[in-house]
Amino acid sequence: MSNDFDILAIHAGKDNKVLNTRPEVPPIYQTSVYAFEDIAHVDRVLESEGGYIYSRYGNPNRDMLGESIAKLAKADMGVTTASGMGAIAASILAVIKKGDKILASHEVYGGTYTLLAKDLAEIGIEVVFVDMTDLEKVREAIDENASLVYLETITNPTMKVCDQKAIVELAKQNNAKVIVDNTFASPYVYRPMEVGVDIVVHSLTKYINGHSDVTAGVVLGEKEFCNVVNEKVKSYGASLGPFDAWLTLRGLKTLPLRMERICSNALEVAKFLENHPNVNYVNYPGLASHPQSQTAKKQFLNGFGGMLSFELKGGLNGAEEFIQNLSMIEYVPSLAGLTTTLLHPVSTSHRPMPKSERETLGIGDGLIRLSIGIEPAKDIINDLNSAL
Ligand SMILES: Cc1ncc(COP(=O)(O)O)c(C=O)c1O
């Protein structure tokens, strides 16, 4: 079978060899535990043959999903988890040890920020936050104590894009590992492993599942590292259940189709908003006005993703009026489903952040984040146009 991205996605899970004849669609192994014939059978499973024992340690649906995503991401192996945060926590804790320093992007997902700035700081891990789009600042901050560089491919909510190849080089010079959260891009738009990133994480809750009905995550990397992650996932109880893994594998099959539509819709919507008199500016890596448009163009493989944000001229009142005026686009504090949804960062995701800090990052009261869906672009634009 061809190794083409679209073919690998559509046929995901078909090479599972659990039975002699293969069901066209993999079954759901909805069991928490597996039975043994006798002690000799236990010995064979544990010592030589391998096999499933208990669902928190591993289950066939989880493994099929991990293998399928690893192929798409060009990784050796994928360990799936019960959420994106499960993947982020397990991957970081598999790299760092007591006394280490982490260099993290100053714009990371809120849950990741809490993990780094609070939970890891409390156990003695030094975390330094830096603007990853400024290579000079990264160069200044990195030293021999930094064992890990952590960043996101497209940041939330201002959609910044850093030069991952350059950051990988800086990290390598200092023997630090690099973890990239590639959730906003998905492996359709970009595959960080291809520029030498060591470890990639995704919240599968977003584009890879793509139907807003599952919470899941994945850690991608070399086999040896992923085996360590697997042990952490077991210990933390962050394993993905069989049904959620099955649903996510079903969602993954249409990732290329969905992303193709989403990326072209997003570019059209971004261009429309950029020319609207009630909009101050638009953050979308596919626009020439984006500060890292050249980096995005050089780095991304297919399109620029489905996430964009824009600032309304009317500030907080303007944002409230705009949200109420929309008829199709809903206020949903997640992203990457089938429908176009909106989030107002100041009232939800960035609510706990002090106003001064928000403003430094470009998150004003009138900023709206859109997750573009698969509706016809004209319907998305019509709804936005009448609300504006
Ligand atoms: C970029 C990014 N990474 C990680 C996560 C966490 O994923 P989950 O909610 O599946 O734990 C999110 C959630 O919104 C996210 O936006």
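The talk below takes the labels in turn.

Tutor: This is a predicted model: local features need pLDDT of at least 70, side-chain atom pairs count only at pLDDT 80 or more, and totals for chains, interfaces and linings use all residues. Residues are numbered from 1 along each chain as its sequence is written.

Student: Why is helix 4 called oblique to helix 9?

Tutor: Helix 4 (residues 84-95) packs against helix 9 at about 120°, with the axes 9 Å apart. Axes are lines fitted to C-alpha atoms, for helices over the stretch in contact, and angles run from 0 to 180 degrees between N-to-C directions. Under 35 degrees is roughly parallel, over 145 roughly antiparallel, 65 to 115 roughly perpendicular, and the rest oblique. So helix 4 is oblique to helix 9.

Student: Which residues of helix 4 meet helix 9?

Tutor: Gly86, Ala90, Ser91, Leu93 and Ala94 do. Contact requires C-beta atoms, placed from the backbone, within 7 Å. Their partners in helix 9 include Phe225 and Tyr236.

Student: What makes strand 1 and strand 3 edge strands?

Tutor: Strand 1 (77-81) and strand 3 (126-130) each pair on one side only. Pairing takes at least two bridges found by DSSP. Helices (H or I, at least four residues) and strands (E, at least two) are DSSP runs, numbered from the N terminus.

Student: How do you know that strand 1 and strand 7 pair?

Tutor: They share 5 bridges, in the antiparallel sense. The cut-off is at least two, so they pair. Met77 stands opposite Gly221 in strand 7.

How values were computed. Contact = placed C-beta atoms within 7 Å.
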